[in-house]
Amino acid sequence: MKTKAAVAWKSGAPLTIETVDLDGPRFGEVLVEIKATGICHTDYYTLSGADPEGIFPAILGHEGAGIVVDVGPGVTTLKKGDHVIPLYTPECRQCKFCLSRKTNLCQLIRGTQGKGLMPDATSRFSLDGKPIFHYMGTSTFSNYTVAPEISLAKIREDAPFDKVCYIGCGVTTGIGAVLFTAKVEAGANVVVFGLGGIGLNVIQGAKMVGADKIIGVDINPARQEMARKFGMTHFINPREVDNVVDAIVQLTDGGADYSFECIGNTQVMRQALECTHKGWGRSIIIGVAEAGAEISTRPFQLVTGRKWEGSAFGGARGRTDVPRIVDWYMEGKINIDDLITHTMPLEDINKGFDLMKSGESIRGVVLY
Ligand code: NAD
Ligand code: DAO
Ligand code: ZN
């Protein structure tokens with residue numbers, strides 16, 4: 001079939017809207033009509049050329065929601081008409097990683113997904129007979145996409161696509177890091193570095209679990225108002241204090257119980273570790289730094305009880321946890337609507353990237 005898609009031909013260049021060819025789903029695969037997709041910082045990270053796994057030409061996008069149109073042979077858990085959210089972190093429930101119950105990083109199709117291919121090592125997308133690569137197993141910047149069955153979470157049918165698409169990355173990454181990775185307890189002091197599409201959801205998660213002080217840190221003062229609405233109790237602009245770490249240690253009587261880095265800046269990652277409490281502080285890295293970047297601190301920071309950790313997709317097991325998070329939204333337990341600041345047709349997707357880069361949007365969503 002033919003589908004409209006925004007194609008990334010090479011790093012650093014704007015996406016162009018094309019009518020591309022899409023082959024039908026093969027064994028274990030599903031054809032999905034994408035109804036809405038968010039634009040995340042990670043799409044820009046790949047488009048900018050900073051992503052070591054970035055391959056071109058590709059159809060980016062990993063934060064979508066849509067409807068199953070067709071299923072390939074061997075598909076047993078999904079059928080035509082099901083509503084789904086594509087998962088860049090699949091959940092096969094049978095690989096060593098899934099069975100360990102210690103991680104959400106399913107590895108069953110990791111090799112081919114990282115190469116921009118379906119599990120049989122081929123692409124379903126092409127133009128003029130030349131293949132176009134998939135992205136993160138999702139490629140939601142295409143009106144129709146093919147994804148492995150294990151990379152799709154089935155969700156309730158009354159959930160609005162234009163809102164719950166954000167659960168495909170930002171919402172789950174932020175709230176999940178608090179609930180599933182850190183398991184923050186009520187009364188804890190929490191610091192969030194970077195109040196963008198991810199950090200605001202960390203704030204929202206911290207509020208949900210009953211954190212005491214929720215301190216937001218951002219160089220963009222305009223983020224303060226939104227963050228307060230989501231539960232932030234204190235704001236620090238690093239450009240207005242002599243030393244961010246000292247300011248947090250003072251505010252929290254010795255250091256935060258938990259900190260979350262939601263920027264991808266290795267200097268800030270160090271601050272995030274060092275502002276946590278001696279003996280038990282835990283710092284969770286969510287931000288993705290540029291290829292080859294390294295982090296450093298004095299080892300004594302760890303000897304004296306601080307822990308440095310990371311979180312991918314909020315530690316969520318997508319097929320299990322994403323439908324639950326959709327329920328939380330539908331039950332009014334989480335706020336997504338206020339974070340979607342801009343919507344646009346696919347033709348305006350480059351404007352969506354510009355709004356994100358300038359800090360004007362929190363989440364821009366493409367509506368098909
Ligand atoms: P964003 O651009 O919406 O937000 C980043 C925020 O950080 C902005 O508000 C910006 O003003 C602020 N900031 C920038 N430099 C700063 C500094 N030095 N000190 C304080 N604040 C600073 O980005 P986002 O969509 O929220 O994504 C954040 C990061 O998370 C990115 O690196 C993205 O790739 C990554 N990410 C990780 C996962 C994961 O699973 N681990 C998933 C999605 C995104
Ligand atoms: O299993 O090695 C692996 C892949 C892990 C992917 C983790 C992705 C988290 C960071 C990228 C954010 C994407 C939106
Ligand atoms: Zn698995």
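Two strands are said to pair if DSSP finds at least two bridges between them, and helices (H or I, at least four residues) and strands (E, at least two) are DSSP runs numbered from the N terminus. Residues are numbered from 1 along each chain as its sequence is written, while chains are lettered from A and ligands numbered from 1 in the order in which they are written. In this predicted model, local features need pLDDT of at least 70 and side-chain atom pairs count only at pLDDT 80 or more, whereas totals for chains, interfaces and linings use all residues.

Strand 1 and strand 2 (residues 16–22) pair in the antiparallel sense over six bridges, and threonine 3 stands opposite valine 20 in strand 2. Both belong to an open antiparallel sheet of four strands, ordered 1-2-6-7. Strand 1 (2–7) and strand 7 (130–132) each have a single partner strand, so one side of each is left without a neighbour in the sheet.

The protein is divided into two domains, with bounds from an automatic or database domain assignment.

| Domain | Residues |
|---|---|
| Domain 1 | 2–168 + 336–367 |
| Domain 2 | 174–311 |

The C-alpha centres of domain 1 and domain 2 lie 29 Å apart. Twelve residues of domain 1 are in contact (C-beta atoms, placed from the backbone, within 7 Å) with nine residues of domain 2. On the side of domain 1 that touches domain 2, the largest share, three residues, comes from helix 1.

Helix 1 (residues 41–48) also supplies the largest share of the shell around ligand 1, three residues.

Notes. Two residues are in contact if their C-beta atoms, placed from the backbone, lie within 7 Å.
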